[in-house]
Amino acid sequence: MKVRGAKAERLADEELMPRIGEKDPDAFEVFYDRHGGVAYSLAYRIVGERGAAEDVVQEAFISIWRSGARYDRARGSVRSWMLGIVRNRAIDALRSKAGRAPKLDFDDDAVLEHRPSGELTDAEALRRETAHELRGALGDLPGEQSKVIELAYFGGFSHSEIAAMLEVPLGTVKGRMRLGLEKIRGELAGGLA
Amino acid sequence: MNETDHDRRRDDIAAYLLGALEPGEAAELERHIAGCAECEEELQRLRPAVRVLPETVEPVEAPPALRARLMEQVRSEAAGSQAAPAARRSPRWGLGPRPLAGLAAMALVLVAIGGYAISNGGSGGSGTTTVFTGRSPGVTAEMVREGETGTLRLANLHQLPSDKVLQAWVQRGKQVVSAKALFVPNPDGTATATIDDMQGVNTVMVTAEPRGGSAQPTSAPIVSVSIPQ
């Protein structure tokens with residue numbers, strides 16, 4: 001068992017996934033140790049309660065354990081794929097708790113992370129080196145832009161819900177979303193230069 | 001498509017990437033993007049900005065008990081447990097169809113399941129497989145012993161409150177110690193716990209405990225399986 005575990009630690013995420021698909025618990029353990037922290041942080045950021053965040057992470061990781069073979073490299077990095085699953089489940093839990101109709105189903109491959117991107121590898125490399133800067137990326141945006149992005153991504157609100165909440169036109173909400181993402185994208189490009 | 005249309009599409013793409021479009025709008029946009037290289041390029045250009053959003057979250061340390069529960073479940077399923085069908089889990093926020101009150105009521109009932117060997121003579125010696133089965137009100141238990149290792153399989157369990165886990169205990173003589181097995185029921189009410197050291201064990205018990213487990217049982221056993229010596 002220890003030999004398998006030690007070997008798994010040397011594997012890249014993309015190489016771990018087939019092992020997880022073959023029900024190798026050592027591969028899964030390495031996978032959790034690498035990404036469980038950010039998964040829990042994201043879940044906690046969305047649902048706001050430790051117990052609920054644990055439920056979200058447990059459900060998300062068990063779903064990955066049971067369907068690891070479904071990961072497709074063409075979908076992007078394993079980490080982004082996993083975080084998409086966590087985010088979807090956390091938003092669904094949040095909406096269920098709030099009595100809002102679930103907007104996202106439990107199709108873990110749906111929404112946000114289902115198209116390939118060659119730029120992701122660079123973004124992943126950037127992650128480890130500039131995690132602190134990234135945490136400021138959202139905070140550095142003008143408040144009206146960061147607000148709509150946070151409400152959508154971390155709150156699970158649709159653009160029409162946000163428009164009603166902020167009492168601004170739909171087009172304004174979507175425009176602020178785009179401007180905010182443009183600025184974050186610009187910061188990423190600068191960081192990669 | 002004129003420039004104004006594409007401006008609108010660019011805004012839609014941002015909302016789409018953030019998961020903020022309604023399902024019908026998202027499907028319509030996907031159909032458009034499939035045939036529009038310009039919008040596809042815009043989608044790929046903006047996508048990294050969304051992918052970093054989870055990384056902007058302030059780090060919060062995950063509880064060690066979460067890792068322990070996950071690995072317990074994963075290792076149980078990997079060991080070929082029949083306790084884990086591939087069915088999707090239902091959200092636990094509603095705590096499923098089984099009422100919480102049922103757990104509390106059940107925990108008050110101490111049920112000693114009379115263990116009996118159904119194979120290999122029940123000697124429990126090294127290399128033998130001994131199975132003890134029984135049924136307490138509402139809960140089915142099966143204890144499989146292979147050498148010094150035991151596997152406890154439970155069925156018909158009620159779902160737990162989110163602040164509770166199941167903890168396995170072993171009794172040797174009058175001493176009760178944790179079997180270092182924390183677990184939660186699967187959505188279908190089954191659960192599996194591995195007991196690493198069955199040496200000298202005369203009873204295996206399961207209690208509901210706070211997250212992270214307890215040093216000593218804090219509630220009456222949900223199930224108690226006697227192991228003949």
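The legends below describe close-up views of a predicted model. Local features require pLDDT of at least 70 and side-chain atom pairs count only at pLDDT 80 or more, whereas totals for chains, interfaces and linings use all residues. Residues are numbered from 1 along each chain as its sequence is written, and chains are lettered from A, with ligands numbered from 1, in the order in which they are written.

**View 1. Chain A has ten helices and zero strands.** Helices (H or I, at least four residues) and strands (E, at least two) are DSSP runs, numbered from the N terminus. Of the 193 residues of chain A, 47% count as buried, that is, with 20 or more other C-beta atoms, placed from the backbone, within 10 Å of their own.

**View 2. The interface joins 61 residues of chain A to 49 residues of chain B.** Residues are in contact if their C-beta atoms, placed from the backbone, lie within 7 Å. Helices that each supply at least two residues of this side of chain A include α3 (25–47), α4 (50–67) and α10 (170–192). The most comes from α3(A), with twelve residues.

**View 3. Helix α3(A) packs against α4(B), residues 64–78 of chain B.** The axes, lines fitted to C-alpha atoms over the stretch in contact, lie 10 Å apart at an angle of about 160°. The two helices are therefore roughly antiparallel, a term for angles over 145 degrees between N-to-C directions, on a scale from 0 to 180.

**View 4. Residues of both helices make the contact.** Helix α3(A) contributes P25(A), F28(A), E29(A), Y32(A) and G36(A). From α4(B) come R67(B), L70(B), M71(B), V74(B), R75(B) and A78(B).

Terms used: Contact = placed C-beta atoms within 7 Å. Parallel < 35°, antiparallel > 145°, perpendicular 65-115°, else oblique. Buried ≥ 20, exposed ≤ 12 C-beta atoms within 10 Å, placed from the backbone.
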